Amino acid sequence: DTAKNDQGLMEARIRQLKHIIDNAHVSEVEHSGVVAVGTIATVVDGDGDEMEFFIAPAENKVPGILLASPDRPLGDALLGAGPGDEVSYEAPGGTFTYRVVGVRVYKG
């Protein structure tokens, strides 16, 4: 029954959101000069294209800013990198490499 399945999915999502809220904590990000959760990393790809990624869990997505979750390959590769560092990560489309050119604390 579709209605019963939809209700089950909704209840599962409610439990997931409740867990996120119950375990959330607000912390001040220290600017250490390296990529950390709560920072924005400016990177350049092999073609010379510059992009900015907000490093945060998916629940913290900000409209208009690309997200690199620390539990995904790109976010994990960027953590701890600083300006001048190159990072690579594997994705279904192959291996991707970025050069970090800047790091700043997100000031939402």
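**Note on the sheet, the core and the aromatic pairs**

1. Five strands make up an open sheet of mixed pairing, and their order across the sheet is β3-β2-β1-β5-β4. The edge strands are β3, residues 66-68, and β4, residues 86-91, each of which pairs on one side only. Ignoring direction, neighbouring strands of this sheet are turned against each other by 45° on average. The model discussed here is a predicted one, and the points below should be read with that in mind.

2. The protein holds two helices and five strands, and from the N terminus on its elements run α-β-β-β-α-β-β. Strands β1 and β5 are neighbours in the sheet order, and seven bridges join β1, residues 39-45, to β5, residues 94-105, with the two strands running antiparallel. Two places along this pairing can be found by eye: V43 stands opposite V100 in β5, and D45 has Y98 of β5 as its bridge partner.

3. Which elements supply at least two residues each to the largest nonpolar core? This core has 14 residues, and those with the most contacts inside it are V43, F53, I55, L74, L78 and Y98. The elements in question are β1, β2 (50-55), α2 (73-78), β4 and β5, while the largest share, three residues, comes from β5. As a general background, nonpolar side chains in soluble globular proteins tend to be buried together.

4. Leaving aside residues up to four places away in sequence, L74 touches F53, A68, Y89 and Y98. Of these neighbours, F53 and Y98 are named, like L74, among the residues with the most contacts inside the core. Both Y89 and Y98 are buried.

5. In one, the rings of F54 and Y106 have their centres 4.5 Å apart and their planes at 40°, so the pair is classed as tilted. Because F54 lies in strand β2 and Y106 in the segment after β5, this pair ties together parts that are 52 residues apart in sequence. The other is the pair of Y89 and Y98, which is stacked, with 6.2 Å from centre to centre and 15° between the planes.

6. Y106, at 27% relative accessibility, counts as partly exposed. The aromatic residues F53, Y89, F96 and Y98, for their part, form one aromatic cluster.

7. Finally, some totals for the whole protein. Of its 108 residues, 26% count as buried, and its accessible surface comes to about 7400 Å², of which 52% belongs to carbon and sulfur atoms. Among contacts between residues at least 6 apart in sequence, 39% join residues at least 24 apart.

Conventions:
Residues numbered from 1 in each chain as written. Predicted model: local features only at pLDDT ≥ 70, side-chain atom pairs only at ≥ 80, totals over all residues. Heavy atoms only, no water. Pairing = 2+ DSSP bridges. Helix = DSSP H or I, 4+ residues; strand = E, 2+ residues; numbered from the N terminus. Axes fitted to C-alpha atoms, helices over the stretch in contact; angles between N-to-C directions. Core = buried A, V, L, I, M, F, W, Y, C linked by side-chain atoms within 4.5 Å. Buried < 20%, exposed > 50% of the residue type's maximum accessible area, 1.4 Å probe, protein only. Contact = heavy atoms within 4.5 Å. Phe/Tyr/Trp six-rings, centres within 6.5 Å; stacked < 30°, edge-to-face > 60°. Areas by Shrake-Rupley, 256 points an atom, 1.4 Å probe, with all protein chains shown as cover.
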